[in-house]
Amino acid sequence: MKVVNKPIRKKDAMALVTGKPVYTDDIAPKDCLVVKLLRSPHAHAWIEDIDVSKARKVPGIEAVYTYKDVPQKRFTMAGQTYPEPSPYDRLILDQRVRFVGDPVAIIAGKDEKLVDRAMKLIKVQYQVLEPILDFHQAKDNDILIHPEDNWEAKCPVGADNRRNLAASERSTYGEYDKVMDECDIVVEGTYHTKANNQTPMETFRTYTYMDTYGRLNVVSSTQIVFHIRRILGHALDIPKSKIRVIKPRIGGGFGSKQTAVAEVYPAFVTWKTGKPAKLIYTREESQIQASPRHEMEVNCKIGATKDGHIRAIGVYTLSNTGAFGEHGPTTVGLSGHKSISLYGDLEAYRFDYDVVYTNVQAAGAYRGYGATQGIFAVESTVNKLAAELNIDPVKIREMNMVKEGEKMPSYYGETAESCALDRCLARAKEMIKWDEKFPCKDMGNGKVRSVGVSLAMQGSAISGCDVGGATIKLNDDGFYVLTLGAADMGTGCDTILAQIAAEELECDVDRVISYSADTDVSPYDSGSYASSTTYVTGLATMQAANQLKEAIMKTGADMLGVEDTDLLEFDGDYVRSMEDGGKVSLIDIATKSMVNNNQAFQFTANCSSPVSPPPYMVGMAEIEVDKETGHVELLDYAAVVDCGTVINPNLARVQAEGGIVQGIGMVLSENISYTKKGKLRENSFMQYKIPTRLDMGRLRVEFESSYEPTGPYGAKSIGEVVINTPLAALTHAIYNATGLRFYELPITPEQIAMGILEHEN
Amino acid sequence: MQISMILNGKKIMAEAEPDMMLLEFVRMQGCYSVKRGCETANCGLCTVFLDEKPVLSCSTLAVRADGRRVTTLEGLQEEAEEFGVFIANQGAEQCGFCNPGFMMNAIALFRENPYPSEEEIKEYLAGNLCRCSGYEGQLRGILAFLEYKKEMEQKGE
Amino acid sequence: MLTFRNYQKVASLEEAYELNQKRANKIIGGMLWMKMENRNIGTAIDLSGLGLDKIEETDDEFSIGCMVTLRELEIHSGLHQYTNGAMRECVRHIVGVQFRNVATIGGSIFGRFGFSDVLTMFMALDAYVELYKGGVVPIRTFARMERDNDILVRVIVKKTPMQVVYMSERYTKTDFPTIACAIAKNSDTVTAVIGARPYRAMCVADETGILKHGITEATARAFGSYVSEHVRTGSNMRGSREYRNHLIKVIVRRAVLRLGGKQNAD
């Protein structure tokens with residue numbers, strides 16, 4: 001391979017490192033109305049009266065909208081394939097407010113100071129209602145978050161607004177109860193993770209304007225241009241043909257922008273006023289009204305023989321979707337399906353779940369999408385099993401983990417066609433020097449060093465659902481334009497997909513220009529989430545490139561006077577006749593395409609896959625615990641990834657490193673807590689502590705590639721799996737160092753220090 | 001109020017409200033590389049030079065820059081490109097939003113301490129948050145740049 | 001968001017003092033903390049034009065102007081030498097270099113914030129603050145005073161022969177301290193200053209002479225317990241009262257041992 005599997009620099013790299021103005025707020029028109037939102041101070045309330053008359057009178061204020069001004073058709077803000085599994089439970093502004101921070105009024109004016117002044121003049125009379133802040137209390141509570149009649153669940157996910165349920169399911173495989181009874185040992189634990197925030201460095205922001213044709217144009221920091229178009233059509237109750245959505249360079253996503261968090265408000269302003277409008281979320285707003293990870297409590301039960309052979313796994317997940325149901329019914333599924341499946345062809349499994357509404361901000365999609373929480377529970381339980389059986393945690397995995405070719409009944413019945421988990425585990429073990437360091441070493445100075453391990457998996461796109469799209473065109477001078485609907489959020493897919501096209505068309509990657517994403521121009525693509533882009537959009541890119549190559553060959557054949565294209569070959573620059581050595585250049589063919597030409601040189605392919613081949617990963621952490629202060633120092637993290645063929649080793653490595661550090665944050669420093677009134681305490685970087693570069697030690701990432709037959713050049717995916725190992729690996733290391741088992745994240749130095757003290761007494 | 005300063009080597013005069021921050025001011029002057037990432041002075045995205053010292057422009061009054069020299073990445077394009085290549089070669093720029101602040105502070109580091117150790121690099125840049133890259137790629141890029149710098153210096157260039 | 005109508009770069013301390021007597025007006029230091037408050041003030045009073053951004057070192061003392069930044073404290077070789085690196089240790093965890101190039105010692109000390117590493121350190125140094133109207137006041141006294149409309153002009157550190165050590169524990173490396181500790185040993189006694197308890201720093205001197213006959217594991221441990229018993233702690237988002245009580249014992253012991261020359265006391 002000449003271009004694929006090469007560490008090629010991203011196409012936008014130099015623009016980004018020299019600070020070029022390429023983001024939403026850099027390119028927004030200067031005369032945009034500034035849009036801001038007045039937010040509810042109550043976790044649950046009914047607006048009895050809202051008086052915006054004084055605010056509207058402030059000179060320079062263009063408009064102030066309340067629940068009285070918006071369409072009454074409910075919609076979802078979730079970026080998913082239609083019909084969305086997430087309930088249609090939203091209005092642009094609602095008379096019932098359901099969490100602290102829920103928007104209550106939209107104010108648009110000439111500048112920020114004016115808008116702030118107008119906001120202070122709005123008088124709201126709330127009937128304060130009792131909120132449900134504890135997700136254990138939500139199901140079947142008398143208090144209903146969504147009592148409204150026009151709440152709707154379009155898909156059968158077990159949702160019932162009269163029970164505060166956004167989804168619910170029970171499933172069993174094999175004779176679960178019987179097998180569990182027969183097991184020599186059953187180990188159990190309930191693991192609690194919180195509503196962690198993705199904190200992309202660029203907050204949510206959108207600007208909107210009306211174009212020459214009376215259409216609403218939306219430029220947004222989003223991962224899902226096509227879904228946004230649909231969501232806005234529903235929300236504003238206007239035809240989708242009236243909407244165009246464009247995505248410029250965006251400053252990170254990690255799933256946060258797989259929900260239409262901010263778009264609907266400036267869109268409404270522009271649609272109503274005809275004027276351009278812009279809404280830039282503050283960091284605080286991006287903490288309190290965003291789309292964080294679903295808080296989950298995952299109970300895991302593992303039944304095994306006394307020699308450590310795992311026979312059955314049971315998982316029950318209680319998931320907190322917050323005030324609205326985006327991604328609630330879907331994230332929960334991964335907490336079982338993409339965790340239990342690490343152990344392949346089990347005799348039996350059970351997977352039950354409930355997803356409940358509460359009066360905190362709506363959760364959404366965050367890298368891992370439920371698998372992160374489920375794997376934390378399952379891998380921690382495997383570690384617990386190993387400890388109770390006195391079997392090395394690496395060995396117990398070697399005995400039980402899924403192998404290439406093995407069926408995974410808990411993974412939608414799919415088979416692990418490509419799986420190098422065994423090589424990943426062996427290599428990680430070598431890298432961290434597991435045998436020397438397990439379980440721990442007392443350093444003699446009040447500190448103890450230890451190691452911990454976790455496996456991980458994810459998927460590659462949603463099988464039978466996600467659609468990748470690619471259009472490729474030949475231009476004069478023989479360069480190509482690759483038009484995409486997928487969203488490069490820094491991940492580098494614009495470059496990776498160009499690499500795939502360049503490999504097919506046997507040229508330098510610089511000859512392929514990538515353009516994304518614009519709903520009027522781009523081929524349909526579900527968007528960048530579910531680790532789909534390299535896999536399904538990669539396949540679409542290959543197909544489109546191949547179709548273009550055929551057209552090039554055909555024209556070359558005509559120009560060379562050869563009938564049978566089988567007698568020709570293409571080397572990227574020339575179409576050559578193998579018979580007589582005649583050749584015609586790509587440039588000449590491109591020129592021909594612009595004169596007296598009936599042959600199209602632009603091809604589009606759309607691709608879905610019937611399977612979702614899992615990437616696999618092993619993470620091993622080495623830590624040093626200060627037994628007196630409880631401080632955990634990250635010394636080393638060895639990670640080995642099987643993402644199939646690595647399309648771009650640099651970008652894949654950085655993805656892994658970024659995901660690992662996010663995982664470290666979830667375990668050691670990122671907490672989410674609420675006051676009694678339901679206000680989020682961690683509403684800034686001052687309180688929500690994401691890791692700084694001093695909070696992680698060495699990170700070492702390597703690849704052990706399997707070959708995925710259904711993937712482009714054997715590739716699978718890497719975008720999400722990378723966050724899934726640190727939770728169990730670090731919790732395991734802390735146990736090995738201290739003997740303390742933790743079931744809730746984050747684990748603070750206080751919990752460790754006081755736990756050790758209690759132990760000693 | 002009228003404010004005058006040397007912004008990226010050019011003398012400018014502009015109207016600014018007394019409570020306007022330097023961040024808003026420089027963006028109004030077209031220096032879009034300077035980004036806002038938070039409201040609590042934690043992230044470092046807004047780093048600019050005020051008289052050669054790296055400062056948080058989100059917390060510096062525009063009026064306090066009156067009569068002084070302000071530099072943003074727009075005024076350091078050559079240095080940014082020379083050093084940035086090493087970050088780009090790691091793929092560590094990722095979404096790029098933290099990059100300008102990171103580049104500014106890294107350039108400040110190199111000026112203060114031409115050959116910093118890994119510890120010194122991490123500590124100096126501690127106030128530059130990044131969520132995409134996991135920091136490791138940025139460190140690799142810096143170390144590669146320092147190698148290159150040393151080679152160039154030894155060659156006498 | 002902080003908003004104000006007027007900005008005045010004063011030409012004299014008297015001008016600043018006059019303006020500061022109005023409740024609506026405020027003196028701005030680095031402004032980092034003030035900027036986060038949702039408040040509207042009348043006139044922001046800037047002392048930047050008064051040459052108070054210098055550290056003047058003589059044989060007897062350091063005279064540190066109120067506008068000196070935390071970064072300048074960090075890299076000043078004289079302070080570094082006098083405190084044997086403790087001054088650097090005290091500030092180097094505070095957010096980042098760009099932050100410390102803006103934050104001023106005046107803002108840090110005048111605010112008398114509970115989380116302040118800087119206040120903890122300067123109390124250990126038994127420094128003095130020079131107030132415009134109030135004159136020279138020991139910082140240990142100033143720490144207990146209520147905020148008023150006087151102006152903190154400079155901080156004076158007399159070069160009394162002493163040893164000082166600074167240590168802190170924090171959640172992430174650049175977070176607020178969960179507990180801050182400075183131990184100072186002069187010819188008379190050893191004094192522990194505990195900050196971020198979460199309340200503002202307070203002193204506990206070795207009044208019963210636990211360390212009188214020298215620093216050993218045992219005496220350091222005993223002093224740690226003594227300090228912990230004499231410091232009122234509380235709970236906040238960073239930690240509980242009980243954890244702080246425990247941390248005080250640990251950190252004081254370690255700091256005292258470092259004072260006694262044990263390099264890797266932690």
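Visitor: Which are the buried residues of α7(A)?

Guide: They are A:Val264, A:Tyr265, A:Pro266, A:Ala267, A:Phe268, A:Val269 and A:Thr270. The model is predicted, with local features requiring pLDDT of at least 70 and side-chain atom pairs counted only at pLDDT 80 or more, while totals for chains, interfaces and linings use all residues. Residues are numbered from 1 along each chain as its sequence is written, and chains are lettered from A and ligands numbered from 1 in the order in which they are written.

Helix α7 of chain A covers residues 264–273 and is mostly covered, with seven of its ten residues buried. A residue counts as buried if 20 or more other C-beta atoms lie within 10 Å of its own, as exposed if 12 or fewer do, and as partly exposed in between, the C-beta atoms being placed from the backbone. Helices (H or I, at least four residues) and strands (E, at least two) are DSSP runs numbered from the N terminus. After α7(A) comes A:Gly274, with a positive phi near 80°.

From first C-alpha to last, α18(A) reaches 18 Å, close to the 18 Å expected for its 13 residues at 1.5 Å a residue; the expected span is 1.5 Å times one less than the number of residues. Just after α18(A), A:Gly739 adopts a positive phi of about 80°.

At the level of the whole chain, chain A is divided into domain 1 (13–131 + 198–288), domain 2 (156–196 + 292–410), domain 3 (419–456 + 613–761) and domain 4 (468–607), with bounds from an automatic or database domain assignment. The centres of domain 1 and domain 2 of chain A, taken over C-alpha atoms, are separated by 35 Å. Across their boundary, 23 residues of domain 1 of chain A are in contact with 20 residues of domain 2 of chain A, a contact being two residues whose C-beta atoms, placed from the backbone, lie within 7 Å. On the domain 1 side of this boundary in chain A there are nine nonpolar, ten polar and four charged residues. In this classification Ala, Val, Leu, Ile, Met, Phe, Trp, Tyr, Cys and Pro are nonpolar, Asp, Glu, Lys and Arg are charged, and the others, Gly among them, are polar.

Chain A also touches chain B, where 41 residues of chain A are in contact with 42 residues of chain B. On the chain A side, the elements that give two or more residues are α1 (13–17), α8 (283–288) and α17 (649–668). Of these, α17(A) gives the most, with seven residues. By class, this side of chain A divides into 20 nonpolar, twelve polar and nine charged residues.

Chain B itself has five helices and five strands, in the order β-β-α-β-β-β-α-α-α-α along the sequence. Its radius of gyration is 16 Å, close to the 15 Å that the globule rule gives for 157 residues, so chain B is as compact as a globular protein of that length. The radius is taken over C-alpha atoms, and the rule is 2.2 Å times the number of residues to the power 0.38. Along its principal axes the C-alpha trace of chain B spans about 50 × 35 × 25 Å, and 62% of its 157 residues are buried.

The interface of chain A with chain C joins 16 residues of chain A to 15 residues of chain C. The chain A side there has five nonpolar, six polar and five charged residues.

Chain C has eleven helices and twelve strands and is divided into domain 1 (2–44), domain 2 (54–158) and domain 3 (163–259). Ten residues of domain 1 of chain C are in contact with twelve residues of domain 2 of chain C. α1 (13–20) and α2 (32–35) of chain C are the elements that give two or more residues to the domain 1 side, and α1(C) gives the most, with four. That side comprises six nonpolar, four polar and no charged residues. Of the 266 residues in chain C, 53% are buried.
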